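Me: Hi, I have a new structure open and could use a hand reading it. Can we go through it together?

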Amino acid sequence: RALRHYLKFVGNGIDRIIFAENSNSDVTLLKAIVEASPHVEAVEFCLFNGMDHPPIYGRCYSESKLLDHAMRTSAFARAASDGDFFFKVTGRYLLVNIKSMIRSRPNGCNFYCDLRNVRSPWADMRFMGWTKSGYAQVFAGIGDQIREDQNHSRPGEESLHRVLSKSPPRPGTVHDREHGRGRGA
């Protein structure tokens, strides 16, 4: 359902889709959905068996490994210029307002993530964005810093918030200090 949803935006706000998957699942049905669409050339499947670590490391650690793998091995990612912007959406979610989410990215931002301090410090990983250099500066290789077993079993999103908040501001950083949340880094 989600893949069909995002395929509707190819050529209308989204240039290409990198479908990254790390659980070694069978994606035959998903590939058939893409092959039946007019956007076959705009979708790349980036698959690997990345769940080769103890579950105690947490979901965010797994996701960071998946994103590192995709940014390192995807043909689309390797061919992108640093002016190209990547958006990551957790696969099972349907962002019905994805076009407005994309448009809300501040100009010049090279890493985009919702940082908030409502119930606890939280870096929301469901929807994020970056340029290649933004990813390299902010997120690449971050997995060991957000492992739940290394952070008193706290959710990886709390650890990610801590890591992103303590890093020195970089060009492209946008913080909403009045509300205590960052919108980009």
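Me: How many helices and strands are there in the protein?
Reply: There are seven helices and seven strands. Helices (H or I, at least four residues) and strands (E, at least two) are DSSP runs, numbered from the N terminus. From that end, the elements run α-β-α-β-α-α-β-α-β-β-α-α-β-β.

Me: Thanks! Where do the coordinates come from, and how are residues numbered?
Reply: This is a predicted model, where local features need pLDDT of at least 70 and side-chain atom pairs count only at pLDDT 80 or more, while totals for chains, interfaces and linings use all residues. Residues are numbered from 1 along each chain as its sequence is written, and side-chain values use heavy atoms, with hydrogens and water left out.

Me: What share of the protein counts as buried?
Reply: Of its 185 residues, 46% count as buried. Buried means under 20% relative accessible area, exposed over 50%, and partly exposed in between (1.4 Å probe, protein chains only).

Me: And helix H7, is it enclosed or open?
Reply: Helix H7 (residues 156–166) is largely enclosed by the rest of the structure, because eight of its eleven residues are buried. Among them are Gly156, Leu160 and His161.

Me: What covers those buried residues of H7?
Reply: The cover includes helix H3 (59–73), strand E4 (111–117), strand E5 (121–130) and helix H6 (132–138).

Me: You mentioned E4 and E5. How do they run, and how many bridges join them?
Reply: E4 and E5 run antiparallel, and seven bridges join them. Two strands pair if DSSP finds at least two bridges between them. A hairpin joins E4 to E5 through three residues, and arginine 116 has tryptophan 122 in E5 as its bridge partner.

Me: New topic: how many salt bridges does a search of the whole structure find?
Reply: It finds nine. A salt bridge here is a side-chain nitrogen of Lys or Arg within 4 Å of a carboxyl oxygen of Asp or Glu. In one of them, aspartate 52 meets lysine 65 at 2.6 Å, N to O. Aspartate 52 lies in the loop between strand E2 (43–47) and H3, and lysine 65 in helix H3, so the pair ties together parts that are 13 residues apart in sequence.

Me: Is aspartate 52 buried or exposed?
Reply: Aspartate 52 counts as exposed, at 58% relative accessibility.

Me: And which residues are linked in a network of salt bridges?
Reply: Asp114, Arg116, Asp124 and Arg126 are. Within it, aspartate 124 and arginine 126 have their closest N and O atoms 2.6 Å apart. Aspartate 124 is buried at 6% relative accessible area, whereas arginine 126 is partly exposed at 43%.

Note on methods. Contact means heavy atoms within 4.5 Å.
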